[in-house]
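This report describes how two protein chains meet and how one of them is built inside. Please look at the sequence and the model before reading on.

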There are 2 protein chains.
Amino acid sequence: MTTVRLPQRGWLFDLDGTVYLGEALIPGAADTIGALRATGRRVAFLSNKPLYTRADYAAKLTRLGIPATPDDVVNSSIVLARHLATLDPGAPVFVIGEPPLIGELEAHGFEVRRDPHVRWVVIAFDRTFDYAKLNTALQAVRRGARLIATNPDRTCPTDEGEIPDCAGMIAAVEAVSGAHVETIVGKPSPIILEVALATLGVPVSDAVIVGDRIETDIVMGKRLGLATVLVLSGITRPGDPRIAELRPDLVVDSIADLV
Amino acid sequence: MTTVRLPQRGWLFDLDGTVYLGEALIPGAADTIGALRATGRRVAFLSNKPLYTRADYAAKLTRLGIPATPDDVVNSSIVLARHLATLDPGAPVFVIGEPPLIGELEAHGFEVRRDPHVRWVVIAFDRTFDYAKLNTALQAVRRGARLIATNPDRTCPTDEGEIPDCAGMIAAVEAVSGAHVETIVGKPSPIILEVALATLGVPVSDAVIVGDRIETDIVMGKRLGLATVLVLSGITRPGDPRIAELRPDLVVDSIADLV
């Protein structure tokens with residue numbers, strides 16, 4: 001295959017499972033991205049992971065052979081910070097999350113506190129989650145704090161297998177507080193997609209999303225009316241019954257099959 | 001009031017909120033228990049908390065003026081250990097829980113492990129809960145481990161307010177693993193009540209449960225057909241609509257009003 005099958009000008013790529021797996025580029029990914037860019041397509045990268053900064057992602061992509069800048073990357077940390085800045089700029093927040101998310105929130109003007117005297121509890125994938133954080137979140141909710149979260153994923157694939165993701169932290173806080181997370185900004189929320197489309201500078205009708213997770217990448221693309229490409233190089237297996245149900249515009253073995 | 005209003009021979013008392021509040025005995029509790037015992041009633045104490053041993057509870061009750069032995073106390077740790085011993089004696093288990101529960105499980109012959117190579121994940125109220133334990137639980141479920149828990153409480157009242165209880169740990173494990181807890185042995189489960197009735201040596205028809213939580217103490221008593229007494233010295237407030245709905249046999253301000 002040597003021609004781009006879809007005419008869209010804006011291309012959004014999921015990262016884990018689509019562009020790379022752990023530290024290894026999916027074979028052909030650099031050629032596909034290069035070919036798209038060579039034909040004038042705009043490319044951006046989407047991740048639900050709040051564990052790294054956009055600069056970290058750009059550096060990793062560049063190191064693996066896909067030149068990228070932080071502005072090419074949209075992850076759930078930056079989307080949460082931008083979205084919360086529209087709802088309650090500068091608010092005091094308590095964060096169940098790791099330093100890159102805390103840094104992003106501080107960079108957007110939020111007052112990140114370690115006590116429950118806050119207006120929001122921000123819940124993220126947090127490998128340092130513990131009982132003390134759960135208790136602070138509970139006390140914050142009892143004082144009226146609202147809940148917002150980065151991403152709904154149950155688990156995160158790693159080289160050593162799947163590990164607990166943000167759904168665990170969300171469930172714990174909701175269970176003890178009786179409160180519900182109002183907004184989850186990451187995929188499949190339209191919020192992250194709207195930020196990504198603004199990054200690309202293209203309308204929905206001229207954009208395509210390429211991803212390996214049918215329940216996030218494809219569901220979200222369908223919801224907003226983008227063209228959707230499912231790659232089978234990550235989580236979703238070829239026989240998955242949801243493929244027939246959701247009918248992505250294209251199903252390919254990997255990103256290499258796009259050009 | 002100077003007469004026992006209910007004729008039952010076996011009396012089960014919830015502890016927190018019913019017999020004491022934190023470190024303070026509810027006024028009149030020692031007199032009521034003493035009067036019941038003086039008329040030949042059997043008395044046992046029930047707690048959903050897996051944080052202490054039965055000996056700890058007996059020592060506390062004795063110190064506060066209600067002489068008690070470990071055999072007078074039934075808490076969710078001992079009930080879980082006994083129940084699991086009937087299901088899978090000596091099984092390797094991973095425990096999200098504190099040392100008194102681990103000790104109870106070891107005393108019942110279980111192999112308590114710190115890795116995911118187990119047949120059961122035991123989930124309890126655990127103030128040392130953290131991401132590493134959540135991850136070990138996930139890996140254990142992925143290897144086929146089953147889930148069992150001590151108690152369903154969202155929060156636990158303390159002198160400093162409510163803190164996260166076992167529901168937080170259960171929700172986190174269920175959310176990331178996609179598995180469900182098969183059995184929660186504590187109130188309102190009939191399992192803890194059956195152990196308590198065996199301790200008293202009386203049939204259901206000759207037993208009464210006295211507690212401050214309508215959703216656990218009273219629900220459980222109604223389910224098994226015991227007489228039920230709601231005390232308003234703890235969590236449940238007088239205007240609670242569930243009182244009219246569930247209709248405990250008796251509603252009193254406190255344990256002092258029982259004799």
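Two residues are in contact if their C-beta atoms, placed from the backbone, lie within 7 Å. The model is predicted: local features need pLDDT of at least 70, side-chain atom pairs count only at pLDDT 80 or more, and totals for chains, interfaces and linings use all residues. Residues are numbered from 1 along each chain as its sequence is written, while chains are lettered from A and ligands numbered from 1 in the order in which they are written.

**The interface**

In chain B, 21 residues are in contact with 22 residues of chain A. Three elements of chain B each supply at least two residues of the side that touches chain A: α5, β11 and α6. Helices (H or I, at least four residues) and strands (E, at least two) are DSSP runs, numbered from the N terminus. Of the elements, α6(B) gives the most to that side, with seven residues.

| Element of chain B | Residues |
|---|---|
| α5 | 131-142 |
| β11 | 161-164 |
| α6 | 166-177 |

The side of chain B that touches chain A has 11 nonpolar, five polar and five charged residues. Here Ala, Val, Leu, Ile, Met, Phe, Trp, Tyr, Cys and Pro count as nonpolar, Asp, Glu, Lys and Arg as charged, and the others, Gly among them, as polar. Of the interface residues of chain B, 100% are also interface residues in chain A, so the copies meet through the same surface.

Six strands of chain B form an open sheet with parallel pairing, in the order β5-β4-β1-β13-β14-β15. Strands pair if DSSP finds at least two bridges between them. The edge strands, β5 (73-75) and β15 (250-252) of chain B, each pair on one side only. β14(B) and β15(B) pair in the parallel sense over three bridges, and Val229(B) has Leu250(B) in β15(B) as its bridge partner.

Helix α8 (residues 214-224) of chain B has buried residues (20 or more other C-beta atoms within 10 Å of their own, C-beta atoms being placed from the backbone). Among them are Ile214(B), Ile218(B) and Met220(B). The buried residues of α8(B) pack against β1, α7, β13, β14 and α9 of chain B. After α8(B) comes Gly225(B), with a positive phi near 85°.

Key. A residue is buried if 20 or more other C-beta atoms lie within 10 Å of its own, exposed if 12 or fewer, and partly exposed in between; C-beta atoms are placed from the backbone.
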